[in-house]
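Hi,

Here's the structure I promised to send over.

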Amino acid sequence: MKLTESSKLRIVLLELEDQNQARDSAHFEYMQALLEKGFSVTRATPTGTTAPTDRSSLLVLGQFDKDQPPSDLQSENTEVRFEDSRHLNTEDVLALAEEIRETTSSFKHGDWKPWFPVIDYDRCTNCMQCLSFCLFGVYGVDDGDHIQVQNNDKCKTNCPACSRVCPEAAIMFPKYKSGPINGDKVGSKDLQREKMKIDISALLGGDVYDLLRTRSEKAKSRFSKERNPDKALNERVKCLNKLADSGDIPPEVLMSLPSPDVIQQRAQEAKEKADAALSRSQSKT
Amino acid sequence: MSQNQESTRILYCHCNYAQIISPEVKKEVLSQLCETNQAFDAVADLCEMAARKDPELQRLTQGGSVKIAACFPRAVKWLFSGASAPLNREQTEVLNMREQSPENILKRLKAKDLNPNLPEDNKPPQASEQPGKNQ
């Protein structure tokens, strides 16, 4: 999937009168259902404020006197559709929202689990280890040669490997299960643990991909000698399981890696990219 | 530091695309919010919006102080920042649905004061400022 900016539909649940318990209950059901379908929802009441209106298309649901929506909600800059919600159940609201989403060509949510690295620039030292490490082209540098996430849709779902190699624990995956990768505070023990993981990786042979390549080549060699595909496969699986356990890398990510030759080529390209950025960065000073 | 904010906005994140926040916590916070007469914005998933650099994130940073019911303040800060919609540190309080109870979250959402809690800014040192670090 290509992630692009696109038009957006926002649902407004409008309350013009005093609080009504039955309506609150309906609004909760509407809201929960709409959020689960990926829509943004604003609850507008006489009390409190919300963020200002932008150019999103709006579907405004409310109870309008004589079926006339309030004129001050009309806008020349925004496409607004008003619907009296008195006779709509949750399924009706969802169907209506989906229909308008399609007619306004607004973004359809839920096609991609938002799994991608988020850099904490308060901690990042621009060391480029993440760029060197990632084989999938997630990282790049901006015009000033500062590391940035450039292709978050190329990130492998549930794989936090790059955050493990960051010496400053500056890479977060907010949907990860535990800290500090999930965004929790970073303690001194976390930094020691991160460094330890890199050392383990080095001991295993430079990095996990290097290890994978070496093991894979050994397995290939054994396969040719022994003519036993089961043994070769077992060796690969054993290796992958070890990597998955040590680095918390999902087995499916490791299994989907390209051939050893392509891994080597991509690793080299990533390293060259990182070295070039560091070199330019240093020559500027 | 606590501030009095009469018109503090509320933003609720449903964290829709992962099972990291208990459904019970989300349901309790959202339903209780609906039972108040408080206006608020709700989004399906801040991570997804940040990944797409959704312009709506910029809208959500506007309009003064805000209390955000989502996850860890450090993650929320850099999700918005990464989408070119930085939050104002002095005007933002993040309530963490991964760790705080619904009761505590709702108490803070309903409170009139604001306790800004985004991590302090710390300009990142550049690689060239740290010789030997990248050797």
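This is a predicted model: local features need pLDDT of at least 70, side-chain atom pairs count only at pLDDT 80 or more; totals for chains, interfaces and linings use all residues.

Next, the neighbours of strand 3 of chain B. One partner comes from chain A: strand 2 (residues 40-44) of chain A pairs with strand 3 of chain B in the antiparallel sense, over three bridges. In strand 3 of chain B, A42(B) has V41(A) standing opposite. Another partner is strand 2 (residues 9-13) of chain B, which runs parallel to strand 3 of chain B, with three bridges between them. Here C13(B) sits opposite V43(B). To get from strand 2 of chain B to strand 3 of chain B, the chain passes through helix 1 (residues 23-35) of chain B, giving a right-handed β-α-β crossover.

Over in chain A, have a look at helix 2 (residues 90-103). Its 14 residues reach 20 Å from the first C-alpha to the last, close to the 20 Å expected at 1.5 Å a residue. V93(A), A97(A) and R101(A) are buried in this helix. They span an arc of only 70° around the axis, so they lie on the same side of helix 2 of chain A. The other side of that helix carries exposed residues: E91(A), A95(A), E99(A), E102(A) and T103(A). Just past the end of helix 2 of chain A, S105(A) adopts a positive phi of about 55°.

Cheers

Methods. Residues are numbered from 1 along each chain as its sequence is written. Chains are lettered from A and ligands numbered from 1 in the order in which they are written. Two strands pair if DSSP finds at least two bridges between them. Helices (H or I, at least four residues) and strands (E, at least two) are DSSP runs, numbered from the N terminus. A crossover is right-handed if, with the strands pointing away from the viewer, the path from the first strand over the helix to the second runs clockwise. The expected span of a helix is 1.5 Å times one less than its number of residues. A residue is buried if 20 or more other C-beta atoms lie within 10 Å of its own, exposed if 12 or fewer, and partly exposed in between; C-beta atoms are placed from the backbone. The arc is that of the directions from the helix axis to the C-beta atoms.
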